[in-house]
Amino acid sequence: MVCRDRARGEAARDEIKSQSKNESVDLMLADLSLLDSVRSLAAEFGAEYSKLDVLINNAAVVMSSRTMTPEGFEQMFATNYLGPFLLTRLLIPYLEAARPSRIINVTAPSTTRPNLDDLQGERKFSSLGAFGASKAADLLFTYALARRLGGRGITANAYHPGIMKTNPQSHGPHTHSASRRRHQPVRWRDPGTGLGRSGATGHFCSVRGY
Ligand SMILES: NC(=O)c1ccc[n+]([C@@H]2O[C@H](COP(=O)([O-])OP(=O)(O)OC[C@H]3O[C@@H](n4cnc5c(N)ncnc54)[C@H](OP(=O)(O)O)[C@@H]3O)[C@@H](O)[C@H]2O)c1
């Protein structure tokens, strides 16, 4: 597992070990919004392991205002798309070594068309628009990966987990209210159980394989 914060990462790793009764859970630290950090992560992985069975690109952020990374990329574009894109590219040799293997990109239904002439939101920025564009980029990336890697024994899938009251949903007042307007009534699901107020678990969830 990869986390950006040592203390929270170690706490999460220890909880997984304790609940799964499996001691074989390793933690690596990286900031996925920084390409230098992603390159170091891939190098560290290569020094430790010879193959990778499943890569899950899960990390994402929702920013209520336009924020830049120290490397000069818009934060949502960098975290939600650029970092996972680079990491995936760098780890393909290890996925090939484990064939049949798979890549799972966690996406969202709130995709918006990326403006290819303004990927960084320099001319026009909205929180939901930039988030949706980054998730659409993940989808397009997944389609391209599936097309290019399918014959090589690596599958690529996009996965939508459903609407859950997790950190981006709880801590983004701007996004929260916009989401409410668009999707009323929002049926938040509990991240622990996956259960919404209606008790339904399946109808928000979709898995697509190509
Ligand atoms: N919640 C929903 O309703 C919903 C709906 C559709 C899709 N999704 C997708 O589900 C995935 C998980 O989201 P979530 O709802 O579980 O949100 P979450 O609780 O905030 O989880 C996001 C994780 O990404 C990590 N992260 C963010 N920026 C990072 C960075 N630069 N480097 C490394 N790790 C970073 C966060 O680490 P920290 O703990 O350090 O912040 C956090 O652990 C995302 O791809 C999201 O778009 C969620």
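Modeller: Let us go from the overall layout to one strand, and then to the ligand. Keep in mind that this is a predicted model.

Biologist: How many helices and strands does the chain have, and what pattern do they follow?

Modeller: The chain has 6 helices and 6 strands. Read along the sequence, they run β-α-β-α-β-α-β-α-β-α-α-β. Of the 210 residues, 22% count as buried.

Biologist: Now for a single strand. Where do the side chains of a regular strand point?

Modeller: In general, they alternate between the two faces of the sheet.

Biologist: Which strand pairs with E3, and in which sense?

Modeller: E3 pairs with strand E4, residues 101–106, in the parallel sense over 4 bridges. Asparagine 57 has asparagine 105 of E4 opposite it. Together with helix H3, residues 75–97, the strands E3 and E4 form a right-handed β-α-β unit.

Biologist: And the ligand: which residues come nearest to it?

Modeller: There are 21 residues around the ligand, and Leu32, Ala59, Ala60, Thr166 and Asn167 come nearest. Helix H5, residues 167–171, gives the most to this shell, with 3 residues.

Biologist: What is the make-up of the shell by class?

Modeller: The shell has 10 nonpolar, 7 polar and 4 charged residues. Domain 1 (1–30) and domain 2 (31–209) each supply at least three residues to the shell.

Methods: Residues numbered from 1 in each chain as written. Predicted model: local features only at pLDDT ≥ 70, side-chain atom pairs only at ≥ 80, totals over all residues. Helix = DSSP H or I, 4+ residues; strand = E, 2+ residues; numbered from the N terminus. Buried ≥ 20, exposed ≤ 12 C-beta atoms within 10 Å, placed from the backbone. Pairing = 2+ DSSP bridges. Right-handed = clockwise from strand over helix to strand, strands pointing away. Near = placed C-beta within 6 Å. Nonpolar A, V, L, I, M, F, W, Y, C, P; charged D, E, K, R; others polar. Domains from an automatic or database assignment.
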